[in-house]
Amino acid sequence: MRVASTARRLAVVSALVLGGLAGVTIGEPRPAAALPSTATTVDVAGLTLDFDYADHTNITPSPGTDCSGSSACTGKTVGDVVRFNGVVTVGSTTVDAVVTTRPSAGPEATGVVTRYERSSSFDEDGKFEFRVDGPTSTTPGMVGFLFEFYLAGTYTGPGTGVPVTLLNLGVVVDDIDPLQFFQFSAVDGYSVADPTDLVYDGANRRFSNPWGTLGTDDAQRAYVELSSAASLEVWGGTEDGDSSTFQVTFGPATWTGSTTSTGPVVAESLAISDATAVPSISWRSSPATDESDWVVNPTCDAYAPGDSSFATPLSGTLSPGVYVTHCSGGTPPSDFTLTGYTDGELVVYAALPTVTSVSPPSGPTAGGT
């Protein structure tokens with residue numbers, strides 16, 4: 001990560017917005033409504049979340065039916081919600097994962113979940129596992145799961161819970177066999193086993209496997225890294241209707257020798273109070289790289305509100321307001337491929353008024369006797 005410095009003592013809030021996912025650090029002063037006071041951020045770099053079905057709560061329907069094999073159970077039907085309790089603890093903060101079963105997010109029909117997390121031979125420790133069939137034995141199909149994160153025990157249904165944003169979250173999906181695919185709602189950076197039969201479609205964030213020849217699970221693994229995630233949606237599917245089984249690990253990659261591509265370079269937001277000179281805009285890439293690793297660093301500037309051409313970066317003094325930040329150019333390390341840029345916001349707040357306490361005068365007031 002490259003962090004820009006500013007001599008101004010008025011820097012108060014740093015915010016990052018990436019693909020609709022936000023992580024915020026709070027300082028003083030700031031507007032009272034800038035961030036819900038209940039939001040929590042947890043760094044899970046290098047940690048593996050534990051999806052243990054032995055410790056779950058059926059939210060919708062409640063109490064629902066626990067899974068034990070191929071029979072119907074909570075989690076297999078679109079709209080079902082299951083809370084996996086205590087998937088990770090960092091310091092004194094314990095986090096639950098709330099998982100909602102979702103329909104297809106692509107041209108394929110919504111598939112059928114035939115296994116959900118648990119059966120006699122389908123419950124590897126820590127992994128979230130499911131099996132999906134096409135709606136018919138010859139019809140392509142997919143099904144998804146929305147993962148949301150909350151402080152332990154706070155989520156009991158819609159509108160409840162203290163949200164948690166996970167920083168530096170990794171996700172590994174194993175065993176994407178021929179004519180199967182796996183898709184993500186967000187990808188900052190990714191890697192695949194080397195060699196591999198997998199093909200990555202960046203537009204849809206989909207890893208697919210044509211008629212592969214390598215024939216081992218190790219060759220059909222993909223790893224995705226997210227800088228910050230309050231939620232993540234994933235989908236698994238079959239291109240020919242056959243049954244497809246997926247094992248998802250929320251944690252770091254388990255192989256070496258992978259090839260990696262960066263996600264977008266992100267221009268970091270910076271909120272400052274009072275009119276001030278345009279500060280240096282921070283940037284970062286994901287997976288994280290050091291500034292010195294780049295052949296040519298990207299250039300990040302501030303632009304006028306609504307400016308989508310990014311033709312004229314701002315300079316001089318900014319009045320209070322909201323401005324766009326944007327990066328351009330740059331040559332990443334040789335083993336990275338730059339896939340784009342993500343815009344942030346530069347927010348300038350008016351300075352808070354200074355209140356001076358004045359003691360009342362002593363003695364008779366004017367006009368008194």
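1. Helices (H or I, at least four residues) and strands (E, at least two) are DSSP runs, numbered from the N terminus. By that rule the chain has zero helices and 28 strands.

2. This is a predicted model: local features need pLDDT of at least 70, side-chain atom pairs need 80 or more, and totals for chains, interfaces and linings use all residues. Residues are numbered from 1 along each chain as its sequence is written, and side-chain values use heavy atoms, without hydrogens or water.

3. Of the 369 residues in the chain, 46% are buried. Buried means under 20% relative accessible area (1.4 Å probe, protein chains only). Contacts (heavy atoms within 4.5 Å) with a separation of 6 or more are 70% between residues 24 or more positions apart.

4. The whole structure holds five salt bridges. The criterion is a side-chain nitrogen of Lys or Arg within 4 Å of a carboxyl oxygen of Asp or Glu.

5. One of them pairs R83 with D96, closest N and O atoms 3.6 Å apart. R83 sits in strand β5 (residues 81–90) and D96 in strand β6 (residues 93–102), 13 residues apart. R83 counts as buried because its relative accessibility is 12%. D96 is buried too, at 2%.

6. D174 bridges to K127, with closest N and O atoms 3.1 Å apart. D174 lies in strand β11 (residues 164–174), K127 in the loop between β8 (112–116) and β9 (128–133). D174 also meets R221 in a salt bridge (3.2 Å, N to O). R221 is in the loop between β15 (206–209) and β16 (222–229).

Note on methods. Buried < 20%, exposed > 50% of the residue type's maximum accessible area, 1.4 Å probe, protein only.
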